[in-house]
Amino acid sequence: MTASNDSERTIVIGTRKSNLALVQTYWVKKELETHFPHIDFEVEKMSTQGDKILDVALAKIGDKGLFTKELELGMINKEVDFAVHSLKDLPTNLPDGLMLGCVSKRVNPADALVVNEKHKDKQLDTLPEGAVIGTSSLRRLAQLRHHYPHLTFKDVRGNVNTRLAKLDAGEYDAIILAVAGLERLDMGDRIHQVIPSEISLHAVGQGALGIECRTGDEAVLEIIKAIQDQDTLDCTLAERSFLRVLEGGCQVPIGVNTSIEGNQLTLVGMVASLDGQQLLKDSVTGDRTQAEKIGQELAEKLKNQGAGEILAAILAEIDR
């Protein structure tokens with residue numbers, strides 16, 4: 001059955017309940033409604049483990065499906081037809097029977113510095129020694145420790161509004177958030193500095209939405225492909241392949257930056273130790289049709305430079 005003659009069907013979209021997840025999901029719903037006005041799209045809101053456990057650092061919980069497992073069960077049980085994720089939250093290895101069906105056009109994937117009012121005249125390189133920076137990302141932590149060892153770093157959890165409230169209450173001098181999330185929530189005015197990629201390579205998939213669905217559900221695949229963006233798909237396939245080969249999840253210090261010029265795709269990748277003392281960075285350029293191969297090649301390149309040992313030490317430290 002194809003989307004064009006599937007006029008009786010209701011499509012159920014799964015999403016987390018956070019403000020950002022809902023904004024992203026309703027954006028997808030609106031886009032699809034413009035392409036398929038005859039189909040009824042409904043939104044099913046779910047709570048995931050990552051939404052419920054807010055008093056433990058993300059890295060300590062483990063990240064395999066932390067923000068996706070409940071949504072995936074909904075698809076497997078046919079309660080929802082597809083789920084909308086921030087692609088950076090979607091594990092690189094998906095459960096049997098599920099697939100990454102579509103990737104939307106990426107918005108700015110960079111990290112952002114958001115400061116307490118008292119530091120409004122400061123940027124990362126001018127914050128005073130000992131300034132407390134909030135981040136729950138080991139990737140951001142490792143890179144910022146590498147470049148700014150004089151700053152103090154402290155875990156921060158909760159949704160964007162919760163983190164901003166903690167910042168404004170003075171618990172932190174500054175926090176690091178994704179530019180994409182702030183802009184999607186119409187909070188772009190809180191971005192004090194867009195952190196350059198030379199300082200902080202972004203997370204795999206950051207800035208893009210990934211739509212996960214049941215493998216072989218051709219009717220759903222035809223529908224969601226309407227918002228596929230080929231450039232973003234090629235970039236994120238390379239990034240996810242890089243992450244998969246390194247056997248890293250979203251809670252290890254692995255960063256990327258990807259660009260396309262003509263038919264050439266360049267992937268820059270980084271692996272760092274938690275203290276920021278060791279930071280390996282390299283790049284591979286190749287034909288964009290070989291995106292996954294480029295990711296694999298870069299991962300092997302960094303492994304040969306010692307990335308495997310760095311990641312093994314991090315995982316051992318987290319498990320303690």
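The protein chain has 320 residues, of which 54% are buried. Its secondary structure comprises 11 helices and 13 strands. The accessible surface amounts to about 14200 Å². Carbon and sulfur atoms account for 47% of that surface.

Confidence was examined next. The mean pLDDT of the chain is 91, and 89% of the residues reach 70 or more. In residues 1-6 the pLDDT is below 50, and the stretch has 13 contacts in the model beyond near neighbours in sequence. In residues 50-62 the pLDDT is likewise below 50, with 29 contacts beyond near neighbours. Where pLDDT is low, predicted coordinates should not be read in detail.

The nonpolar interior was then considered. In soluble globular proteins, nonpolar side chains tend to be buried together. The largest nonpolar core of the model contains 40 residues. Those with the most contacts inside this core are Leu124, Leu151, Phe242, Leu246, Ile254, Leu267 and Val271. Leu246 illustrates the packing. Beyond its neighbours within four places in sequence, Leu246 contacts Ile254, Val271, Ala299, Lys303, Ala307 and Leu311. Two of these partners, Ile254 and Val271, are also listed among the core residues with the most contacts. A second core is separate and has 18 residues. Its members include Ile39, Val84, Cys213 and Ile227.

Charged side chains follow. Side chains of opposite charge can pair when their charged atoms come close. The whole structure holds 18 salt bridges. One of them joins Glu33 to Lys29, with the closest N and O atoms 2.8 Å apart. Both residues belong to helix α1 (residues 19-35). They are four residues apart, so about one helical turn separates them. Glu33 is partly exposed, at a relative accessible area of 29%. Lys29 is buried, at 17%.

A second pair is formed by Lys120 and Glu117, whose closest N and O atoms are 3.2 Å apart. Lys120 is exposed, with a relative accessible area of 56%. Glu117 is exposed as well, at 55%.

The bridge between Arg214 and Asp217 has an N to O distance of 3.4 Å. Here Arg214 and Asp217 are both buried. This pair also belongs to a network: salt bridges with shared partners join Arg9, Asp81, Arg214 and Asp217.

Arg163 presents another case. This residue sits in helix α6 (residues 160-168). Arg163 is buried but forms no salt bridge. The nearest side chain of opposite charge belongs to Asp155, 7.7 Å away. Leaving out residues up to four places away in sequence, Arg163 touches Ser136, Val156, Arg157, Gly158, Ile175 and Leu177.

Backbone geometry was inspected for positive phi values. Most residues other than glycine have a negative phi. Lys78 has a positive phi, near 60 degrees, and is not a glycine. Lys78 lies in the loop between α4 (69-76) and β3 (82-86). Its relative accessible area is 64%, which places Lys78 in the exposed class. Asp186 also has a positive phi, of about 60 degrees, without being a glycine. The loop that holds Asp186 runs between α7 (179-184) and β9 (193-194). Asp186 is exposed, with a relative accessibility of 71%.

Thr34 and Ala226 are separated by 192 residues in sequence. In space, their C-alpha atoms are 9.9 Å apart. Thr34 lies in helix α1. At 57% relative accessibility, Thr34 is exposed.

Note on methods: Residues are numbered from 1 along each chain as its sequence is written. This is a predicted model: local features need pLDDT of at least 70, side-chain atom pairs count only at pLDDT 80 or more; totals for chains, interfaces and linings use all residues. Side-chain values use heavy atoms; hydrogens and water are left out. A nonpolar core is a set of buried Ala, Val, Leu, Ile, Met, Phe, Trp, Tyr and Cys residues joined through side-chain atoms within 4.5 Å. Buried means under 20% relative accessible area, exposed over 50%, partly exposed in between (1.4 Å probe, protein chains only). Contact means heavy atoms within 4.5 Å. Helices (H or I, at least four residues) and strands (E, at least two) are DSSP runs, numbered from the N terminus. Lys and Arg count as positive and Asp and Glu as negative; His and the chain ends are not counted. A salt bridge is a side-chain nitrogen of Lys or Arg within 4 Å of a carboxyl oxygen of Asp or Glu. Accessible areas come from the Shrake-Rupley method with a 1.4 Å probe; for residues, only the protein chains shown count as cover. pLDDT is the predictor's confidence in each residue, from 0 to 100.
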